[in-house]
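Hi,

Here is the structure I promised to pass along. Please have a look at it first, and then read my notes below.

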Amino acid sequence: MDAVASAGRRNFLRQCLVGAAALGASGSAAFPAPARTNAPPADSMVVIARDPQLRGGGANVDARRMEALLDRAMLALFSRDRAPRTPVEAWKRLIRPGQTISLKVNTLGGRGISTNLQLVEAICERLQQAGIRPADITVWDRDSEEMERAGFRIAMGGNRVQYFGTDRVNYEQDLVAYGSVGSRLSKILTERTDVLINLPVLKDHDGAGVTLALKNMYGVIHNPNKYHPNGCNPYIADVNMLPQVRSRMRLTICDATTAMYEGGPAFKPQFSWQYNALLVSQDPVALDATGWRIIERKRAENGFRTLEAEQRAPRYIATAADAQHRLGNCDRRKITTVEV
Amino acid sequence: MHAKVDRERDAPASPGGTAHVQSPEMADAPRLLDRRSFLMCALASGAALSTGEFTSSLGAQPIFSGEQGQANEQFTVEARFYEKQKEKRIKCKLCPRECVVGDKERGYCGVRENRGGTYYSLVHSRVCAAHVDPIEKKPLFHFLPGTTAFSIATAGCNVNCKFCQNWDISQVRPEQVPAQYAPPQRVAELARQYNCPAIAYTYSEPVVFSEYLMDTADAGHQAGVRSVVISNGYIQEEPLKAAYGKMDAVKIDLKAYSDSFYRDVVAGELKPVLNTLVTLRKMGKWTEIVYLVVPTLNDGDAEFRGLAQWIKTNLGADVPLHFTQFHPDYLLKNLPITPVPTLERAKAIADAEGLHYVYIGNVPGHPAQNTYCPQCRRMLVERVGFTAGKMLIRKDGNCPFCRHPIPGIWRA
Ligand code: SF4
């Protein structure tokens with residue numbers, strides 16, 4: 001074979017995958033679990049912050065009301081311990097000056113159902129007030145064009161918040177692996193992220209059942225198309241176990257201003273509703289379990305069968321909580337839902 | 001573009017190599033593959049096309065092409081094999097996976113995208129690897145020995161073999177690998193310019209670029225250039241007939257003779273591949289089979305015997321079968337290189353079952369790389385590395401010693 005072309009990746013693989021791909025008699029690849037980080041708490045909190053007047057009677061989200069909604073959600077999320085006096089104080093519990101912060105948005109659904117621009121701007125504002133330099137904040141998804149179609153303006157360089165897709169900076173050359181997954185990671189994650197803030201949307205997904213916090217991490221790998229069989233299970237859980245993902249993930253703010261209960265992931269206006277809410281949690285599994293329930297409620301209201309009956313229940317959520325993954329809690333008894 | 005291996009072939013520093021068709025500014029937007037690009041790269045690497053004695057010295061590291069957007073329309077054509085469904089969904093009918101793909105999503109192979117309920121191939125004329133290879137490297141041993149094939153690939157694959165040697169083009173999306181615009185007529189012209197009697201579709205998985213393969217085969221035939229495909233055979237019958245019906249020879253990688261290996265190591269299925277082989281046989285296509293022997297996973301006597309018996313019963317004893325040596329790569333780094341005695345054991349079993357042309361591959365200098373007359377046992381084609389040395393088969397395709405007919409396509 002032509003050895004030259006492969007030298008770089010081979011060296012890497014020697015370092016990273018030695019002993020990793022233990023293909024046993026069963027034939028299934030098994031990579032060892034990384035050192036556990038962020039082990040799930042005994043119980044998890046999910047804040048559902050809603051504002052029926054979020055759009056002020058119009059079609060678009062009102063930026064001020066969005067900022068207020070975000071503040072309410074963040075204060076509630078940290079209210080259990082020493083309640084923060086201000087929203088900025090709440091943010092300071094997650095980040096500290098000098099860190100690089102990235103906001104992983106979801107823009108597949110175009111303007112119809114993507115992470116809301118006003119939400120992103122409100123978060124960037126609070127991060128800067130908490131001491132983060134604007135240039136150290138990156139708002140990103142897989143593809144810059146997709147971001148533009150969702151209403152984001154691409155911005156690279158200068159002392160401002162950075163907006164661009166992985167297509168502008170590439171994926172890492174080398175593979176990382178966990179369980180069933182072997183992928184290259186976005187360089188935005190590996191090079192521009194000390195703290196990852198996950199900003200998915202709340203919607204139905206024809207393959208996975210629902211797409212919320214955990215599935216949004218498919219946007220950090222180069223080959224998500226390989227991980228859609230079997231309702232994305234266990235692949236979604238495995239992607240979230242990649243040490244580079246797990247160790248950086250601090251917070252999920254799920255944009256449910258517009259949500260979809262059927263027909264996802266592309267935008268289908270007939271199956272969408274204006275929920276005017278944010279779901280916020282530090283536990284992505286608890287957030288997904290909660291979001292799934294909201295989607296099921298809406299399906300029932302509209303006469304749709306459950307995802308279970310449709311044979312596309314999101315089993316990956318339970319997998320993410322199992323003993324091998326321990327990414328969070330999906331048992332309802334361990335999830336405290338706070339509505340504000 | 002990348003210096004590439006034919007999947008499952010692995011012969012480091014072998015004599016008889018590959019000329020790389022590559023542009024020096026390849027990280028930029030894709031451009032037309034041209035003779036000048038080829039020469040610059042081939043000469044820069046000290047490549048000597050005429051002797052085939054160059055090595056793979058181009059530093060073709062995988063480079064992400066940041067300039068190349070997903071929406072690059074010159075590479076986008078409507079897919080030929082799919083059905084429309086409700087809610088803008090489609091069902092792909094190209095390979096047995098039958099992906100049901102929602103709007104704005106892609107199939108498993110990553111190179112086909114649903115845009116508003118119409119399914120598109122994103123890799124027409126989007127060549128990410130191009131080389132002039134000896135035909136023996138494919139390997140096709142009974143097809144124009146001693147000639148070269150103008151070999152091309154696009155990104156993408158419809159399976160995910162854990163041992164893939166070309167995973168950096170097969171397991172990526174088209175926009176993640178540098179590519180050049182190589183329309184069918186241009187490929188045919190270049191093949192002629194480089195005295196290649198055949199175009200080979202290879203390296204990644206040609207099933208997933210079947211529209212491009214079909215158009216290029218037509219252009220090649222119009223220019224007097226044949227076509228061969230190196231494939232996993234994981235394809236539905238209708239596209240198989242339509243696409244591989246245009247081929248002059250086919251090499252199928254039969255990854256194992258067990259369902260569990262296909263499920264766990266390949267992420268595919270055995271049965272459709274066996275069906276493909278039977279259909280090719282009925283179509284009268286010249287077909288050779290490669291079986292990569294992976295230590296501990298598909299190297300049992302019973303599997304070798306079952307495979308040989310199945311081939312003899314369903315395809316006949318004259319189908320060449322190549323047992324090739326595995327080298328650790330991609331997600332199977334923990335297994336050793338296949339020991340030569342294992343390959344010899346596989347060959348001995350297949351010989352004993354009555355197959356006439358059983359070869360050992362990826363082991364330079366092994367006598368089982370040569371072709372012998374099954375009747376008089378004399379050597380008819382001698383191979384050293386990827387080059388055919390002696391070629392004694394008569395013009396009429398018979399053994400020069402005993403006149404036994406030797407199946408294959410021997411003369412251009
Ligand atoms: S060719 Fe690609 S999209 Fe079509 S069924 Fe196969 S893997 Fe799926």
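Predicted model: local features only at pLDDT ≥ 70, side-chain atom pairs only at ≥ 80, totals over all residues.

Residues are numbered from 1 along each chain as its sequence is written, chains are lettered from A and ligands numbered from 1 in the order in which they are written, and side-chain values use heavy atoms, with hydrogens and water left out.

Cysteines: there are zero disulfides over all chains, a disulfide being a pair of cysteine sulfur atoms within 2.5 Å. For C402(B), the nearest cysteine sulfur belongs to C373(B), 3.5 Å away, and C402(B) is in no disulfide. The sulfur of C232(A) has its closest cysteine sulfur in C99(B), but at 12 Å that is too far for a bond.

Sheet: in chain B, β18-β19-β20 is the order of an open sheet of three strands with antiparallel pairing. (Strands are DSSP runs of E, at least two residues, numbered from the N terminus; two strands pair if DSSP finds at least two bridges between them.) β18 (371-372) and β20 (387-391) of chain B are the edge strands, each pairing on one side only. Two bridges join β18(B) to β19 (residues 379-384) of chain B, and T371(B) has V381(B) as its bridge partner in β19(B).

Ligand: the residues surrounding the ligand include C99(B), R97(B), E98(B) and N158(B), where near means a heavy atom within 4 Å.

Best wishes

How values were computed:
Helix = DSSP H or I, 4+ residues; strand = E, 2+ residues; numbered from the N terminus.
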